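Hi,

Here is the structure you asked about. Please open it beside this email and follow along.

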Amino acid sequence: MQTGKEYLPEIVHIDGFNTIITLEVALSGSPVFYCRDGVLRDLAGLRGTYRVIDKTQEAIRLLLGHLELLNISEAVFYLDAPVSNSGRLSGLVRECSHEYNISVQTQIIPDVDQVLEQMEGVISGDAIILNRCQSWLNVVPAIAKQIESVWEIQL
């Protein structure tokens, strides 16, 4: 596992849509890209609309399972309020969290980027957030390695 500034926090702050969508894309067999900064990214554009798909629960479970293996005690998922179905995704994250020994919260807020830029222990693929936040964890590549059908492209 790579971390942004080489430490493992007890609490992580997750860019919910960004992280879940990248895992959904990987689970769907669509291409994901290992970028020069080591972060795994996708080309799925979130333009204010989102819908839960058949890969969403599996993406959430893979993420929570990985965090549990890292002994993360708490995960806070931040979801953008202006994006459609943020409430539905929030409920699904909370529902899936009962299977894991990790405290999970969801927050639906107007500007996730602005909040995460001030945090430490951030999980996101958004380069702007990663460049501004206090510290970050790069867990998505390790999770993607568990996916049989992952289509990885190295940039």
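In which helix does leucine 116 lie? Leucine 116 is in helix H4, residues 112-116. Keep in mind that this is a predicted model.

Is leucine 116 buried or exposed? Its relative accessibility is 0%, so leucine 116 counts as buried. The cut-off for buried is under 20%. Leaving out residues up to four places away in sequence, leucine 116 touches His13, Ile14, Asp15, Tyr78, Val122, Ile129 and Cys133. Now find leucine 130. Leucine 116 and leucine 130 are 14 residues apart in sequence. In space, their C-alpha atoms are 8.7 Å apart.

Next, helix H1.

H1 has 12 residues, which at 1.5 Å a residue should span 16 Å. Its end C-alpha atoms are 16 Å apart, so the two values agree. H1 is mostly covered, with 11 of its 12 residues buried. Among them are Gly16, Phe17, Ile20, Leu23 and Leu27. Glycine 29 follows H1 and has a positive phi, near 80 degrees.

How do H1 and H2 pack? Their axes are 9 Å apart, at an angle of about 115 degrees. H1 and H2 are therefore roughly perpendicular to each other. Their crossing is right-handed. On the H1 side, the contact is made by Thr19, Ile20, Leu23, Glu24 and Leu27. On the H2 side, it is made by Thr56, Glu58, Ala59, Ile60, Leu62 and Leu63.

Now move on to helix H3.

H3 covers residues 86-97. Which residues of H3 are buried? They are Ser86, Leu89, Ser90, Leu92, Val93, Cys96 and Ser97. Looking down the axis of H3, these buried residues fall within an arc of 165 degrees, so they line one face of the helix. Here is a general point to remember. An α-helix has 3.6 residues a turn, so residues three or four places apart point the same way.

What do the buried residues of H3 pack against? Two partners are helices: H1 (16-27) and H2 (56-69). Two are strands: E5 (74-80) and E6 (103-109).

Take serine 90, which is found in H3. Serine 90 has 3% relative accessibility, so it counts as buried. Beyond residues up to four places away in sequence, serine 90 touches Leu79, Thr106 and Ile108.

H2 and H3 also meet. Their axes come within 10 Å and cross at roughly 50 degrees. H2 and H3 are therefore oblique to each other. This crossing is right-handed. From H2, Thr56, Gln57, Ile60, Arg61 and Leu64 take part. They meet Leu89, Leu92, Val93, Glu95, Cys96 and Ser97 in H3.

Last, look at two loop residues.

Asparagine 71 is in the loop between H2 and E5. Its phi is positive, about 60 degrees, although asparagine 71 is not a glycine. At 64% relative accessibility, asparagine 71 counts as exposed.

Asparagine 85 is in the loop between E5 and H3. Its phi is near 70 degrees, a positive value in a residue other than glycine. Asparagine 85 has 32% relative accessibility, so it counts as partly exposed.

Best wishes

Note on methods:
Residues numbered from 1 in each chain as written. Predicted model: local features only at pLDDT ≥ 70, side-chain atom pairs only at ≥ 80, totals over all residues. Heavy atoms only, no water. Helix = DSSP H or I, 4+ residues; strand = E, 2+ residues; numbered from the N terminus. Expected span 1.5 Å × (residues − 1). Buried < 20%, exposed > 50% of the residue type's maximum accessible area, 1.4 Å probe, protein only. Arc of directions from axis to C-beta. Contact = heavy atoms within 4.5 Å. Axes fitted to C-alpha atoms, helices over the stretch in contact; angles between N-to-C directions. Parallel < 35°, antiparallel > 145°, perpendicular 65-115°, else oblique. Left-handed = near helix turned anticlockwise from the far one by under 90°.
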